[in-house]
Amino acid sequence: MCGIVAYVGQKDAYPILINGLRRLEYRGYDSAGVALLTDQINLYKCRGKVADLEEYIADKNTGGTIGIAHTRWATHGEPNDENAHPHFSRDRDIALIHNGIIENYAVLKKELVSRGYVFQSNTDTEVLVHLIEDIRENENVELDEAVRIALTQVEGTYAIVVISKNHPDSLIAARNGSPLVIGVGEGEYYVASDGAPLVEYTKNVIYLDNEDIAYISLKDDIKIKSINNIERTPYIDQLEMSITQLEKGGFEHFMLKEIYEQPKSIADSMRGRLNVAKEIVSLGGIIEYEEKMLNAPRFTMVACGTSWHACLVGEYIFEELVRIPVEVEYASEFRYRNPIINEKDIVIAISQSGETADTLAAIGLAKENGATVIGICNVVGSSIARATHAGSYTHAGPEIGVASTKAFTAQVTLLLLMALSLAKKKGTISRSRYHEIIIALENIPRQIEEVLSHEKLIKEIADRFSDAKNFLYLGRGYNFPVALEGALKLKEISYIHAEGYPAAEMKHGPIALIDEEMPVVVIATNKGTYDKVVSNIQEVKARKGKIIAIVTKGDETVKSLADYVIEIPETEEMLVPLLATVPLQLLSYHIALNRGCNVDQPRNLAKSVTVE
Ligand code: F6R
């Protein structure tokens with residue numbers, strides 16, 4: 001969602017803030033703003049991207065060694081100059097940035113309006129800054145206490161940073177539900193939504209917990225108190241991130257870089273966890289919980305979007321290998337129905353960002369019902385990683401392109417490792433089968449290199465279909481989630497309508513859509529239900545649909561039927577999603593590029609969805 005960055009120290013704040021916003025822009029990009037403190041607060045904000053803000057500020061006073069900055073993904077109020085953050089208090093003494101949603105803002109706003117406050121924007125955020133000012137004046141308290149009292153009146157989620165003209169060496173930062181991390185430098189402090197803006201300045205970080213308020217002052221260091229005024233000692237963590245991971249490294253887009261990183265990111269996901277020579281698969285993060293997992297009556301996997309597709313692959317893998325029933329739930333549905341979950345259940349929550357609000361809420365619900373929650377997250381120290389009982393990081397490295405690519409294949413890899421480890425302990429896999437799968441898994445990074453070498457062909461296919469209005473993606477078994485993921489990638493970055501379907505379901509409706517204009521992507525690899533998928537291809541062909549098939553290297557049958565084929569190397573059936581997803585990512589990328597779309601920052605989307 002929105003991105004927050006703040007600085008207090010001896011250096012010029014503006015370059016640090018702008019640089020930080022650029023690194024956070026993937027979180028939201030409909031407007032941006034900055035407030036810098038000198039003898040007054042200079043506040044600049046506008047609709048558009050960080051580059052638009054820079055242009056707007058070019059001739060303005062950017063002095064000051066303390067400041068806050070924000071890049072927005074609109075929730076309340078359209079993206080325009082007024083609704084951009086920061087927001088001022090009435091007396092312009094306080095400026096505030098916010099990520100999250102103030103759910104009771106309408107009630108608070110009504111009250112404030114009745115007391116004479118005039119709102120400049122339609123945001124929920126502006127309520128908070130006026131509320132702080134109101135409390136400070138009417139209750140005659142200092143700013144820090146006014147912030148604390150205001151937050152006790154707020155329902156919803158927030159990460160905020162506040163500066164005030166009267167406190168020229170201080171930042172006040174607080175979180176509840178939206179992430180915030182403090183970077184600790186030499187006589188300087190940074191605050192940001194994630195580690196990306198901090199990494200080039202410091203690796204020492206403090207992750208704020210929910211309901212923490214951090215009072216950061218150059219004179220008095222950092223004090224962290226809960227919203228109920230209970231002090232806690234700040235714990236300094238080390239940021240696991242490097243600058244090169246945050247740059248495009250010669251690629252035109254982050255998405256393309258991240259697609260090409262998959263051989264490495266999958267190898268990183270397996271590092272130290274898969275030892276083929278010794279036939280060991282071991283995930284340190286869950287070892288203590290494996291016994292409990294093996295005794296569970298079932299697993300429930302919860303996630304959103306692409307991570308939910310990884311869960312679907314996980315369902316097939318777990319049921320095949322571990323022989324424990326798996327249910328896959330959209331976190332947003334799970335949290336609002338009344339699911340039957342109890343203390344014997346294992347809930348596996350999957351999230352790249354580790355901040356998705358619905359997934360976090362689903363975890364909360366599962367824990368309330370006594371279930372054990374295992375996390376699979378990419379972002380180290382994220383809210384979901386901290387909310388789960390145990391878990392494993394995917395170690396795919398920062399994913400900046402809004403469309404998820406390497407995170408998906410890393411999630412599937414982790415699910416495979418988890419299932420293999422459990423299956424071996426449970427005795428539901430023979431030694432030879434176990435051996436075959438781990439050898440195949442070890443080969444995957446090299447095989448992805450091979451798939452990537454087909455980019456030229458994939459680009460040619462993209463050139464042919466860039467003007468299509470609709471796409472259909474079909475797959476069966478392990479390839480059904482691949483079809484869903486291929487369709488999602490296409491819609492989100494190229495804005496072409498696309499649907500993913502289990503191939504056999506085509507006859508129950510979507511077949512009516514097929515005509516000579518309709519490109520149909522079929523994942524038709526040579527295992528499982530291959531023959532049935534070949535029949536489905538015949539059905540599409542009979543209706544003149546254009547077939548783009550993902551096939552196993554050397555396949556002749558599908559080649560004779562399809563208009564285009566993209567070959568992937570032979571592997572175990574359950575590992576096919578790791579290979580078959582890659583050409584679909586490239587196909588979407590090139591179609592979106594041909595259509596002039598902003599591949600890394602597609603319209604209306606944000607990288608981490610911290611609002612429900
Ligand atoms: C699709 C995409 C989204 C995310 C979803 C969940 O490319 O990026 O569908 O997968 O918002 O996000 P995480 O995995 O961060 O919980």
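Tutor: Helices α9 and α16 pack with their axes 9 Å apart, at an angle of about 170°; helices are DSSP runs of H or I with at least four residues, and strands are runs of E with at least two, numbered from the N terminus. Axes are lines fitted to C-alpha atoms, for helices over the stretch in contact, and angles run from 0 to 180 degrees between N-to-C directions. This is a predicted model, in which local features need pLDDT of at least 70, side-chain atom pairs count only at pLDDT 80 or more, and totals for chains, interfaces and linings use all residues. Residues are numbered from 1 along each chain as its sequence is written, and side-chain values use heavy atoms, with hydrogens and water left out.

Student: Is α9 roughly parallel or antiparallel to α16?

Tutor: The two helices pack at about 170°. Angles under 35 degrees count as roughly parallel, over 145 as roughly antiparallel, 65 to 115 as roughly perpendicular and the rest as oblique. Therefore α9 is, relative to α16, roughly antiparallel.

Student: Between which domains does the second largest pocket lie?

Tutor: A pocket is an open set of points on a 1 Å grid over the protein atoms alone, where a 1.4 Å probe fits, with protein on both sides within 12 Å along at least five of seven lines; a cavity is a set from which the probe cannot get out, and lining residues have an atom within 4 Å of a point. Helices α9 and α16 each supply at least two residues of this pocket's lining, and G305 and T306 are among the residues nearest its centre. Domain bounds come from an automatic or database domain assignment. Because both give residues to the lining, the pocket lies between domain 2 (248–445) and domain 3 (454–602).

Student: What volume does the largest pocket have?

Tutor: Its lining has 39 residues and draws at least three from each of domain 1 (3–244) and domain 2 (248–445). Grid points are joined across faces, edges and corners, and a volume is the space filled by probe spheres set on the points. For the largest pocket, this volume is about 660 Å³.

Student: How much space lies in the largest cavity?

Tutor: The structure holds three cavities of 30 Å³ or more. The space in the largest cavity is about 100 Å³.
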